[in-house]
Amino acid sequence: MQADWAKLFEAIDASNKTNDKVEALLNYLNLATDTDKLWLIALFTGRKPKKPINATEMRTWAAQASGIEPWLFEECYGVVGDIAETIALLFAHKNTGETLQLSLTEVMQEMIMLVGLTADDKHAFLEKRWLQLDKNTCFLYNKFLTGGFRIGVSQQLLVQALSKHLKKESAEITHRLMGKWLPTYQTFEGLLLSDLAQQEDSKPYPFYLSYPIEGEVESLGEIQDWQAEWKWDGIRVQLIKRNNNVYLWSRGEELISENFPELLAFASHLPNGTVLDGELLAWKDQAPLPFALLQKRITRKKPSQKIIEACPCAIIAYDLLEFNGVDQRLNSLSQRRDLLEELITPNGFGLIQLSPLLEVENWNLLTELRLESRSQKAEGLMLKRKSSSYQSGRKRGDWWKWKVNPMHIDAVLVYAQKGHGRRADLYTDYTFALWNEGKLQTFAKAYSGLTDKEIIAVDQFVKRNTLEKFGPVRTVTPQLVFQIGFEGIQESARHKCGVALRFPRILRWRQDKKPEEANTLAELKQLL
Amino acid sequence: MQGFGLIQLTAKGLYCAEGDFYIDPWYPAGKAIITHGHSDHARLGQTAYLCHPITEKVIQHRLGLVQTETIAYAEERMINGVGVTLFPAGHIPGSAQVRVRKGSETWVVSGDYKCHADGISEPFEPIAATHFISECTFGLPIFNWKSQAEVMAEMNQWWAHNASMGIQSVVFAYALGKAQRILNALNPAIGKIYAHGAVMAMNQTLREAGVKVFQAEGLSDGTKESLKGSLIIAPPAAAGTPWMKKLEPYRTAFASGWMAMRGSRRWQSADRGFVLSDHADWKELNAAVKATGAENVFLTHGYKSAFARYLQTQNYNAFELDTLFEGESLNNKPEEEATHASGLG
């Protein structure tokens, strides 16, 4: 018998129907203890405990314990595409006695406990566990062990279930789940039932996200009802100042304050009770710098002065969510913009800039302006309805992104590797090459962009046209041509081809093209 | 041409030169001994087909009028001085292993096989051999089947749950073999059981060959009311086609050994996956190889490189053969593609 939480994850994993998933979640919430519920929320919102072991240790121990040679274990792993599942499959039938039932809280406590053990003790403990758990629980347990646990549904479904369970608005639930909290010190009641105003200063609001524009821009109605801005290619952030403390959150709900001390110092001049929504960019002389510079900053906590000077950053603010400690989200965008302009004068506020408005008479002029996005170092335009409130999550209707078409180039498929998850055992991860002095030079990897049907066809091609195998990677006959799209390009000393692409992906399969007709590296570099 | 003695691998398939016959050739070749009726083993274009009587009916149903001759299990037939005998392979009704012997050499070609009872096929029988040509579709230690009773209990439970909500249960399984195996093991007390046209036709063919197959109802007799809470069994090719429309509301499930892996389960985007295979799992493959007493083992379709290497560590002379057999495939077999349009109405 599986534990309730394992059944829940299996049901979520197995079903394609949103309603089934919400139903399963609700059933679990209605019966679970508060600590189990809190851990469930933590897992759904990416608050996993620290992983107690690494994948290499796990492979070695599992091969040993299952009595097969390491090479055969690797063969199995190659087919399954997932360490946690491979182990579960190898052990499932060996469990002959009573299966062990652990609650979600107990499992999480074991994860925390294991961190403190020596390697030998961990090994001994896991060998025992692998034999005691049923297949699905074993799989999930292993996922927690390696920190690879991902739930195949959006946080939105959990919010829906919690909203039904607690009979509270889903926007409020979303808000309550944000920010820094961990199940090790928070309680279910403290997180979801206590007075919102009493919650921590650092708690951000849920971000409002846009949809790509559908159809003709004219269909949005009168241009006067819309606010147009550049769509910047940076990181969406929320800047909070409350009780003399400043917090910077990324859209991925990561607290990145420590990475940007200069912004923190600057933002301390803001009045208390201020929350700004904006874009974090590498920025110099009133213009954005390449995204790669920003990337250097994101990966570094407590950066040196040298790095701060080499990669200067700024926030382009475009919305005001809290002013004087009062939630502004239900006010119209125009009202919020007025307050924002009061706070940050249009001629700048140093490291916090005001996102400029693009004011034109009609849609035609805006359409022309959009074509200048690249020279403005923007990805396109944002269109926001002036009368709209600040909603939570991705919603259609009031916020649209209108990106410029991606740059693209035709390239040849040269390497393929099996995917993971849904695509395990299919060759879905590809490396592409361009012609360079008569040879094919790899320049980009891409995973997405093909239909399921096309994936099967390419998979068949790879299996039948393998030239060499290097571990999980196969080199294939250079024959298939794909159109690769990307958002940006810049020089890179780290890449052998000399350039790095931003967001490369497959736009379409050029079945009409022969490999000789693919583009050259020189042609790619012309786009620099 | 790869030669190992009595049986060779040629471009057209496994061939016995001394007897001048092929076993499951994949191109028009000549005289053919057929292990079973699946389309990757019984192909059109042979001058004569020698097989088990059940397989004969299947071949005639699938390939039309071809020249066939039958042979019962365990009966030895001399062909140009070579002794040929069929033994049950336990894969599907009528499936056979082929023993070919002359002098000191005894070869067994397994065809597709499984070693656990499925309630419909004659159970697999281990045969002594000097050379064993084995399939190994599931030749990795991650494949370990639960008993049919356990899997069918899960399926019946799933069906009963759906039925209690007034929802139909659609199970996708090969029209030949897997479908009948499931039909015979479902609990008819739960509700009505329907079958897709391709399955109905195959049921009839097998019945004519003397196989007992549960009497499922044809979908043309189904009304919205009678379909409610029923179970419908259909070939994999019917998944996601407009044919499904009339069955709404429903939940879907695949019954296949590949369902052991989460990745393939999700790839099929079915609501459930039941791990039910007509091929041998890791334990069965190892037991079958051992039981033949063969020193030389040749592996055809499946994880043959890994299984061959493993057998080498167990002191067998193990080799991979490059054949065109497919084993259990999640994609459609041609026979099923051709017939999937029929069914409702």
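I take helices (H or I, at least four residues) and strands (E, at least two) as DSSP runs, numbered from the N terminus. The model I consulted is predicted: local features need pLDDT of at least 70, side-chain atom pairs count only at pLDDT 80 or more, and totals for chains, interfaces and linings use all residues. Residues are numbered from 1 along each chain as its sequence is written, while chains are lettered from A and ligands numbered from 1 in the order in which they are written.

**Entry: backbone at loops**

I looked up A:E437 and found it in the loop between strand 15 (427-436) and strand 16 (439-446) of chain A. A:E437 is not a glycine, yet its phi is positive, about 50°. I noted that A:E437 counts as exposed because it has 8 C-beta neighbours inside 10 Å (exposed means 12 or fewer other C-beta atoms within 10 Å, buried 20 or more, and partly exposed in between, with C-beta atoms placed from the backbone).

B:D24 is buried, as 27 other C-beta atoms lie within 10 Å.

I then recorded a cis peptide bond between B:E248 and B:P249, with omega about -5°. B:P249 belongs to the loop between strand 16 (231-234) and strand 17 (250-255) of chain B.

**Entry: helices 1 and 2 of chain A**

I found helix 1 (residues 4-14) and helix 2 (residues 18-31) of chain A packed at an angle of about 170°, their axes 9 Å apart. Axes are lines fitted to C-alpha atoms, for helices over the stretch in contact, and angles run from 0 to 180 degrees between N-to-C directions. Helix 1 and helix 2 of chain A are therefore roughly antiparallel (the term applies to angles over 145 degrees).

**Entry: contacts between chains**

I count two residues as in contact if their C-beta atoms, placed from the backbone, lie within 7 Å. On that basis, 21 residues of chain A contact 16 residues of chain B. Helix 5 (70-80) and helix 6 (83-91) of chain A are the elements that each give two or more residues to the chain A side. Helix 5 of chain A supplies the largest share, 5 residues.

**Entry: domains of chain A**

I noted domain 1 (4-145), domain 2 (208-403) and domain 3 (407-525) in chain A, with bounds from an automatic or database domain assignment. The centres of domain 1 and domain 3 of chain A, taken over C-alpha atoms, are 34 Å apart. Between these two domains, 5 residues of domain 1 are in contact with 5 residues of domain 3.

Methods. Angles under 35 degrees count as roughly parallel, over 145 as roughly antiparallel, 65 to 115 as roughly perpendicular and the rest as oblique.
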